[in-house]
Amino acid sequence: MPYRDILKQYWGYDNFRGIQEDIITSIGKDKDTLGLMPTGGGKSITFQVPALAKEGLCLVITPLIALMKDQVQNLKKRGIKALAVYSGMTRDEIVVTLENCIFGNYKFLYISPERLATEIFRVKLAKMKISMITVDESHCISQWGYDFRPAYLKIAEIRDLLPGVPVLALTATATPQVIKDIQIRLHFKEDNVFRMSFERKNLAYVVRNTENKTGELLHILRSVPGSTIIYVRNRRRTKEITELLNNEDITADFYHAGLDDATKDIRQQRWQTGESRVMVATNAFGMGIDKPDVRLVIHLDLPDSPEAYFQEAGRAGRDGEKAYAIILYAKSDKTTLNKRIPDTFPEKEYIKQVYEHLQYYYQMAMGDGLECVREFSIEDFCRKFKYFPVQVDSALKILAQAGYIEYTGEQDNASRLLFTIRRDELYKLHGINEVTDKLIQIILRSYTGLFTDYTYINEASIAVRSGLTQRQVYEILIQLSKLRILSYIPHKKTPYIIYTRERVDSNQLVISKSVYEERKERYESRIQAMIDYVTTNTICRSRMLLRYFGERNEHNCGLCDACIGQQKAIGNEKEMSIEEVIEEILALVSAKPLTPADIAGQINADKDIISKAIRLLLEEKKIIANNGIIHYFCGN
Ligand code: ADP
Ligand code: MG
């Protein structure tokens, strides 16, 4: 079936957008392909359509479990058979899912990169008929990128197992260096990149210098109506700003990674439906959010890279209507941002110390540790050894990059269990009471693979089967852990540390240049690029961002504060009188309805005079305001 017919049949769209068709044709001819489209550009279609045209199963590698579930749901709704494998599923569930991929006539298998390395996946993969490999968020494979994930490097190994299967890499953010690197790391047969412009024609980028951020924030929220996201750096601030807005009768909720899933869902829902206008969030909010009518994205704190900023700002105005991406910048922000360099890259001596203390913390002997999975409470650790959490977090991330540990973010994981003694040893144990023995038997009967790999268990169902309470099950398992009979990781939202190597002497730790110095340098230059962006006000902002991403765009956007400032400078030097402002406003709104912010942006006069002029015109009923939009009043 021609691609266009597939698009029509399953999605109901008549035409491809932008470069979608070019990407589809390329991967359709089994050529390794890299597609660059901004967020919301429609990347999913570019692998879903050709995969439907091909025989076999399309493997989709993507890092975010929530997005994965979303997409699978979405495909199912359209009558397309799709499955997902991610951490959090039991081993049995994974086996069943993978078996289905062999025999079940499925078209898509979504999988998180960490799962690619598992033996079970590789065994089953050999029996699947794979049509193509899709790598979403493919910039994660590059150390040059701002979001490197070591697990992505496993993809090249999978390619070796599937000779002749083409790969389609997709991303919404990549500098020229990263574009090159993605193709190398994914073993592209030859360079093959399709990119569309990242220009957002309806988005006005603005940087406001202000020492009174909350005052300015309220002013903006009152001038521009509509759905809003406010980004701040830390969790505490999300709550503070939300309270401030609520006190000013602006509906707002806050969102960060520390909230439980139910709360996150409720708040996201309230915002999505418009019940609450503003979401005040850390950068944990936004991935996979497809709300078209966001009018404002405001940053109260600076992100640490233009990549991150472009992604976050780009959540405004997906519907093509005018929208604003505003940074509120105070002089001290520069210092704060620069402070993140030593916070993110603490001294190597410090990292070694943290490593050393980690061994004390877990009472781990030299040479021990390989494959040990340990819960990690950063607060507790910092309290014990007198550290600050921010630097410890960074030190652990560097140790992870250097290959000594795996350090997970906070994970909402099901409980897991692994027997650390052999099955035959289990029967030779002495001094185990009857209740405990019975519990062990029930667990052995309920799950498989308990001696080879961590298995997800459910204490509630074990409790029912054993006639114990959940609390008792928990306590017995903890007891058995202490006896080193098994290793039990209770359900909890917590980060983990997993030893990927035996403990070494901290003097022997190797933190290579590529792990430390080179990454630090790139981090510094991203910070510098961000500072340049906010401190320059003579170059079109859209142009600055596009140039950063290697795009040569030859025109100014005409919407950002730099463009508007220039127009003003060219326009007139002297202050305008209120009469002149009134004339200008009437001329503007008689052409088309505008928000007060639009008006203020287009008239070179003091903000207070403009507000006053608008008030006068409203009183005289020469203009009317409807839902925050000013219309020319052409009644009698
Ligand atoms: P991305 O992954 O690039 O951020 P998505 O694949 O999630 O973007 O697509 C964003 C939205 O655009 C989706 O709602 C999708 O259905 C829509 N879309 C994609 N392609 C087309 C098209 N050719 N015509 C109309 N809508 C499209
Ligand atoms: Mg996408």
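**Values set against their definitions**

Mentor: Asn-627 sits in the loop between β22 (623–626) and β23 (629–632). Strands here are DSSP runs of E with at least two residues, and helices are runs of H or I with at least four, numbered from the N terminus. This is a predicted model, in which local features need pLDDT of at least 70, side-chain atom pairs count only at pLDDT 80 or more, and totals for chains, interfaces and linings use all residues. Residues are numbered from 1 along each chain as its sequence is written, chains are lettered from A and ligands numbered from 1 in the order written, and side-chain values use heavy atoms, without hydrogens and water.

Trainee: Why is Asn-627 called exposed?

Mentor: The relative accessible area of Asn-627 is 69%. Exposed means over 50%, buried under 20%, and partly exposed in between, with a 1.4 Å probe and protein chains only. Asn-627 is therefore exposed.

Trainee: What is the phi of Asn-627?

Mentor: Asn-627 has a positive phi of about 55 degrees, although it is not a glycine. Most residues other than glycine have a negative phi.

Trainee: Why does His-187 count as partly exposed?

Mentor: Its relative accessibility is 42%, so His-187 falls in the partly exposed class. His-187 lies in the loop between α8 (176–185) and β7 (193–195), and His-187 also has a positive phi of about 55 degrees without being a glycine.

Trainee: What makes Lys-331 exposed?

Mentor: Lys-331 has a relative accessible area of 67%, so it is classed as exposed. Lys-331 is in the loop between β13 (323–329) and α13 (332–344).

Trainee: Which strands are joined to β21 by bridges?

Mentor: Strand β14 (residues 373–375) is joined to β21 by 3 bridges, and the two run antiparallel. Strand β15 (residues 405–407) also has 3 bridges to β21, again antiparallel. Two strands pair if DSSP finds at least two bridges between them. Glu-375 has Tyr-496 of β21 as its bridge partner, while Ile-405 has Tyr-499.

Trainee: Which way do the residues of β21 point?

Mentor: Tyr-496 and Ile-498 point one way from β21 (residues 496–499), Ile-497 and Tyr-499 the other way, and all are buried. In a regular strand the side chains alternate between the two faces of the sheet.

Trainee: How many helices and strands does the protein have?

Mentor: There are 26 helices and 23 strands.

Trainee: Why is the protein called as compact as a globular protein of that length?

Mentor: The radius of gyration is 28 Å, close to the 26 Å given by the globule rule for 636 residues, so the protein is as compact as a globular protein of that length. The radius is taken over C-alpha atoms, and the rule is 2.2 Å times the number of residues to the power 0.38.
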